[in-house]
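Me: Please take a close look at one part of this structure. Then set out, in one connected account, how the other parts are arranged.

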Amino acid sequence: MNLIPESLLFELSNPGSVGCSLPKSDVPEAILPAALARKDLALPELDELTVVRHFTRLSQKNYSIDSHFYPLGSCTMKYNPRANETAAAFPGWRNAHPLSGDANNQGCLELLCKLQESLAEIGGFDAVSLQPAAGAHGELSGVLMIRDYLQSIGQGKRSVMLIPDSAHGTNPASCAMAGFTTKTIVSGLDGNIDLGVLKSALDDSVAGIMITNPNTLGLFERRIADIAKLVHEAGGLVYGDGANMNALTGVFKPGVSGIDVMHFNLHKTFSTPHGGGGPGAGMIASSSKLAPFLPGPIAAKTGRKYALVMPEKSIGPIKAFYGNFGILVRAYTYVLMQGRDGLKRVAENSVLNANYLRSKLEKVYKLKYPKTCMHEFVAMGDLAPGIHTLDVAKRLIDYGFHPPTIYFPLIVPEALMIEPTETESKRTLDAFADAMLAIAEEARTAPQLLHDAPSTTPVGRLDEVAAARNPVLCYRG
Ligand SMILES: *Cc1c(COP(=O)(O)O)cnc(C)c1O
């Protein structure tokens, strides 16, 4: 029971209470300039224990992968093994400083080099840059590489990037940032790219195509090699969105299917923390043709020494120093722990778990593409008249589950995009399926329960648009 409601932290202020103790000053005291010493801040004065309890209680209000199942489709919210954290906390990694020079950072550079090699091998690519800080950042790097490559061969006038209508919103956004215009490729009836539609979009204005494989419907693009061939013959390049790589590791190398440049989300596939928009890592890999354009510097080995080098025609640095180094240590730890066989099992189990859940739910939740899926599937939440996906998602919170991704991909109405990930047990999947089926039953027998959800949280159904546009983040509001 909460004896002290957390919202009252400020009201609890007890003038004179102090939450920290400072050592005796051994420098002369100085008066802060009046402009800095604001008297109107009215900060609460509290003892340490009250503050600790306040923040601990707040942290417990969070959903996280360490506390709950988190089937957020396409985001791959899988377990981040604690061994990653142990490795990242080794003093040699933790205390390294990027400005202390290559000679003093040989261990760090060796790790970067080996991670680059591992990821190139896993993806079937020739070269890797670890600089980008997120998937979208990798996308931007990749389309800038395509732009510079086309300019270098006198094809700089190609300005159109083709994007399937199932793509993640970051794809067109990255293209726009790199100065491309985008053209939507309408998916075929099977949820995959229709070769006829693709052919009719190809002309000499096309710079390339961005393909997500498996796509956001959880479907493998079987014609990927034909697609790449058509685009290449038309003078364009193929960008691969590798966000869903946990369905493929150790089983399929995208690089061999004709993809020229692709990002991996290390915070999805390689078990590094997501964390509110960062610190992530969205490394980018390419064929030898585009390798000179990779963002840099990247780590390289010459003789017995490791050094940072700038690829010859690099698009330049896209992040300070090496990228998010601590995250890269975690990803390399994960790669080593899994090994070749483990990475294959990752893909197999991510697909097995998704199909297990799909088969448990599909009799009650409609599927627009009712067939074997890869790591995720997209169901629909319009269970009964007046019941929408949003109601199902909110009711799941009452059952103790984080809702799946909803209303995406855009081509499935009332979409519920479910990705169980390979790290969940059968017991958890069964519990989630039971909750989903119970909610479907409620939708028919007690729909108000869904409309009123969530009812177990400190606040009920929020106006999400207003909350995002006008967040009230400070105490006084
Ligand atoms: C997550 C995701 C992205 C963007 O990655 P971020 O790391 O969130 O920037 C791009 N495409 C797909 C398909 C994704 O799932």
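Predicted model: local features only at pLDDT ≥ 70, side-chain atom pairs only at ≥ 80, totals over all residues.

Reply: An open sheet and its surroundings

Helices (H or I, at least four residues) and strands (E, at least two) are DSSP runs numbered from the N terminus, and two strands pair if DSSP finds at least two bridges between them.

Residues are numbered from 1 along each chain as its sequence is written, and side-chain values use heavy atoms, leaving out hydrogens and water. Local features need pLDDT of at least 70 and side-chain atom pairs count only at pLDDT 80 or more, while totals for chains, interfaces and linings use all residues.

Strand 10 pairs with strand 12 (residues 415–418) in the antiparallel sense over 4 bridges; Val378 has Met417 of strand 12 as its bridge partner. Contact here means heavy atoms within 4.5 Å. Axes are lines fitted to C-alpha atoms, for helices over the stretch in contact, and angles run from 0 to 180 degrees between N-to-C directions. The loop between strand 11 and strand 12 holds Pro409, and the peptide bond from Phe408 to Pro409 is cis, with omega near -5 degrees.

The model also has an open sheet of 7 strands in the order 1-7-6-5-4-2-3, with mixed pairing. Its edge strands are strand 1 (127–129) and strand 3 (181–185), each pairing on one side only. From one strand to the next, the twist averages 25 degrees. Strand 1 pairs with strand 7 in the antiparallel sense over 3 bridges, and Ser129 stands opposite Ile284 in strand 7. Helix 6 (residues 170–177) packs on this sheet, touching strand 2 (160–164), strand 3, strand 4 (206–212) and strand 5 (237–242), and its direction makes about 175 degrees with that of strand 2.

In the loop between helix 9 and strand 7, Ser271 has a positive phi of about 55 degrees although it is not a glycine.

The ligand is surrounded by 13 residues, of which the closest are Ser74, Gly135, Asp241, His267 and Lys268; a residue is near a molecule if one of its heavy atoms lies within 4 Å of it. Helix 5 (135–152) and helix 9 (266–269) each supply at least two residues of this shell, and helix 5 gives the most, with 3 residues. The shell divides into 3 nonpolar, 7 polar and 3 charged residues, where Ala, Val, Leu, Ile, Met, Phe, Trp, Tyr, Cys and Pro count as nonpolar, Asp, Glu, Lys and Arg as charged, and the others, Gly among them, as polar.

Oxygen atoms of the ligand lie 2.7 Å from a polar side-chain atom of Ser74, 2.7 Å from a backbone N or O atom of Gly135 and 2.8 Å from a polar backbone atom of Ala136. Of the 380 Å² of accessible area that the ligand has on its own, the protein covers 87%, by the Shrake-Rupley method with a 1.4 Å probe.

Note on methods
Polar contact = N/O pair within 3.5 Å; in protein donor to acceptor, adjacent residues only side chain to side chain.
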